[in-house]
Amino acid sequence: MKQQIAIGIDVGGSHVSCAAFNLNEKKYLPETFAESDLDNHGPADEIIAVWSKTIACSIEAVGLENLSGIGFAMPGPFNYEKGIPLFTGENNKYENIYGIDVPAALRKSLNLPVDFPIRFINDATAFAIGEDWAGKAQGSKRSLSITLGTGFGSAFLKDNLPVTSGDDVPEQGCIWHLPFKEGIADDYFSTRGLVGRYQQKTGKLVKGVKEIAMSAPTEEVARELFNDFGSQLVNLLQPWLERFQVEVLVIGGNIANAYDWFQPALTAALKDKNSNVRVEISSLKETAAIIGSAVLADHSFYARVEPLLAEM
């Protein structure tokens, strides 16, 4: 049987990274990894050129003749069905590619056939699918994967597919927009949330959560902040863990690097609520989104996920 190999692309704010994934063997191919920096406020042709150059490196590593398709893990707002970005100035990124037919532009730039599969999905959902196919959610029937960093990404999966509607998940199948304290979950469970609360309590402005974690061994305020983060995260998630009957909660994103500091409070809060959900820290990290987007090239899987794209 011919090996089915796909390339997954993870589009970030300041860089793009991609690599190949063997769909038959469910095997990530690290030797095909490529990454480029880019200016997300740059002109459209420049952004397409950087994406194309990066993808071309991975294509060269696997050979075009072995390639089944290309998948993108993209932040929103985005028309995932048609591959058309909907970013505006309000999003403060990629506003110059608004309305562009990305698949057509890439096929032209990479000299690919007009029907070559180039597919798109929300980046948080791609992370969850990657964890389901090759990570810590493998083998589970119902999982919730979250990414904690610049923003709060999340996706519920049931029988390998994202769940975006129904009584057992929040609206759109994600958590970031849910009301929490004086704002929404994204305000609280994000880098800016933790950094802001740290500054409020200490008067010190730090760049990120890493600095707070480095202070934690000697600073009680930092430890208290992490304890609050762990217990409040359970308060936010528990109703949905219960409703969706989540078996495994996978945590990724940069804040997951500080898990040792908020794990005791999180574990205690889950125990207090009689929750038996298994909590796992992603070992795939950013690779999960690459794998999850590459999986879109599996035609049978894509046929099942395509009807859900309009709700992302």
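## Salt bridges and the domain interface

Arg142 is buried, with a relative accessible area of 15%, where buried means under 20%, exposed over 50% and partly exposed in between (1.4 Å probe, protein chains only). The model is predicted, so local features need pLDDT of at least 70 and side-chain atom pairs count only at pLDDT 80 or more, while totals for chains, interfaces and linings use all residues. Residues are numbered from 1 along each chain as its sequence is written, and side-chain values use heavy atoms, without hydrogens and water.

A salt bridge here is a side-chain nitrogen of Lys or Arg within 4 Å of a carboxyl oxygen of Asp or Glu, and the count by this rule is seven. Three of them are listed below.

| Salt bridge | N to O distance |
|---|---|
| Arg142 and Asp168 | 3.8 Å |
| Lys136 and Glu280 | 3.9 Å |
| Arg278 and Glu280 | 2.9 Å |

Through shared partners, Lys136, Arg278 and Glu280 are joined into one network. Asp168 is partly exposed at 23% relative accessibility, as are Lys136 at 27% and Arg278 at 38%.

The domain assignment, which comes from an automatic or database source, gives domain 1 (5–123 + 300–308) and domain 2 (136–282), with centres, taken over C-alpha atoms, 28 Å apart. Their contact (heavy atoms within 4.5 Å) takes four residues from domain 1 and five residues from domain 2. The area buried between the domains, that is, the accessible area (1.4 Å probe) that both lose on being put together, summed over both, is about 460 Å², with 64% given by carbon and sulfur atoms. Phe301, Arg304 and Leu308 supply 78% of the area that domain 1 buries against domain 2. Across this interface the rule finds zero salt bridges.

Definitions and conventions: Buried area is the accessible area (1.4 Å probe) that two parts lose on being put together, summed over both.
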